[in-house]
Amino acid sequence: MANVTVIGAQWGDEGKGKIVDWLSERADVVARFQGGHNAGHTLVVGEKVYKLSLLPSGIVRGTLSVIGNGVVLDPWHFRDEVAKLAGQGVEITPENLQIAETCPLILPFHRDLDGLREDASGAGKIGTTRRGIGPAYEDKVGRRAIRVCDLAHLDDLDLQIDRLTAHHDALRAGFGEAPIDRAQLMADLTEIAAFILPFVKPVWLTLNKAKAAGKRILFEGAQGTLLDIDHGTYPFVTSSNTVAGTAASGTGLGPNAAGFVLGIVKAYTTRVGSGPFPTELEDATGQRLGERGHEFGTVTGRKRRCGWFDAVLVRQSAAVSGVTGVALTKLDVLDGFDELKICTGYRIGDRTFDYLPAHAQDQAKAEPIYEVIEGWQDTTAGARSWAELPAQAIKYIRRIEELIGCPVTLVSTSPEREDTILVRDPFAD
């Protein structure tokens with residue numbers, strides 16, 4: 001049986017939580033491989049709604065879940081999220097959740113710096129979640145991060161804290177802030193260590209043993225490909241690689257472990273925060289999409305920008321992530337539209353493009369070239385087979401497949417996990 005890697009193929013918020021939850025029932029391990037608690041996943045299981053941001057989605061089903069080394073971990077948020085789920089009846093123990101020893105920690109001064117920078121950027125704001133994700137990744141690359149394994153060696157942290165404070169105190173001074181309180185930092189780390197350490201394991205070893213035993217591993221990405229630090233709409237991106245290749249480096253498995261790459265795609269397009277968005281609709285149609293799709297960020301609560309489906313961007317995402325098949329979500333939001341539009345190219349000045357150029361100014365000037373598709377009046381909500389879909393909805397799906405050069409393998413027709421049309425089983429490949 002194949003492993004499956006789930007990624008977002010737009011700007012995030014594509015409905016990965018439901019799909020991962022749907023797949024996790026048949027997986028032996030669910031592994032989160034990048035990002036932090038800036039990622040929001042909403043799971044609807046019967047009458048219960050679970051909102052996750054750091055924990056792998058498989059935890060709700062009791063599936064062995066691991067947080068890989070590619071994740072930056074806020075230990076206090078982790079404790080809060082575990083407590084919140086416990087209040088909803090989800091038991092989380094070291095037997096069903098593991099944290100990689102080498103995860104960098106998000107510390108209080110990372111959150112401070114994130115907010116200070118964003119506030120000082122004025123019109124140049126990137127639109128971060130202010131949760132310290134970027135600064136934590138900077139410290140990782142700068143080789144000054146405090147990692148999860150350091151919580152077991154707090155008496156040996158002086159030199160590492162010297163490196164951290166040498167960097168951060170200068171930045172804080174530039175913003176008129178006091179230096180890092182070393183004593184308070186040590187007290188905070190000492191207080192949280194006892195809660196975190198029981199979950200800490202050599203995750204790379206757990207996953208390699210699972211692979212050798214023929215276990216099915218489900219790799220769960222956060223955000224979306226268009227927010228990738230290398231392949232996204234830079235600088236309006238996240239601070240990690242969100243593409244499928246990171247499933248290997250972010251967990252400690254080789255590149256042949258990714259298996260079936262499932263790209264999650266909404267039947268239209270949304271984006272949270274700043275940055276280019278060629279098909280954005282700032283009119284009644286955009287508002288209708290937002291209202292019907294309940295488009296508010298799971299983590300921030302920010303209203304999402306909405307627009308027509310952009311086949312150019314999804315085709316680009318599928319290429320850089322090696323997508324095997326697509327899960328198309330929120331098809332039911334398009335019920336009742338007389339006509340739909342799909343972006344098939346861009347016009348920038350007197351030139352046309354079948355991809356999104358790399359430079360931010362070109363991206364901002366990109367005007368969509370649309371193909372108009374007839375809509376449908378019947379409902380797709382709750383459909384669980386092709387036979388239950390209106391003929392025109394099927395035509396819409398088939399045209400998307402043609403334009404993105406990738407087959408649709410799953411169709412989601414409501415937030416309920418069972419309202420899913422399975423075209424091709426990712427785990428069977």
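**Rings and a strand**

A: Phe353 is buried, at a relative accessible area of 11%. Buried means under 20% relative accessible area, exposed over 50%, partly exposed in between, with a 1.4 Å probe and protein chains only.

Q: What kind of model is this, and what are the cut-offs?
A: The model is predicted: local features need pLDDT of at least 70, side-chain atom pairs count only at pLDDT 80 or more, and totals for chains, interfaces and linings use all residues. Residues are numbered from 1 along each chain as its sequence is written, and side-chain values use heavy atoms, leaving out hydrogens and water.

Q: How do Phe353 and Tyr355 pair?
A: The count comes to 7 aromatic pairs. Phe353 and Tyr355 form one that is edge-to-face, 5.6 Å centre to centre with 85° between the planes. The rule for rings of Phe, Tyr and Trp (its six-membered ring) is centres within 6.5 Å; planes under 30 degrees apart are stacked, over 60 edge-to-face, the rest tilted.

Q: Is Tyr355 buried or partly exposed?
A: Tyr355 is partly exposed, at 41%.

Q: Which residues point which way?
A: Gly325, Ala327 and Thr329 point one way, Val326 and Leu328 the other.

Q: What does E13 pair with?
A: E9 (residues 260–266), parallel, over 5 bridges. E17 (residues 408–412) also pairs with E13 in the parallel sense, over 3 bridges. Pairing takes at least two DSSP bridges.

Note on methods
Helix = DSSP H or I, 4+ residues; strand = E, 2+ residues; numbered from the N terminus.
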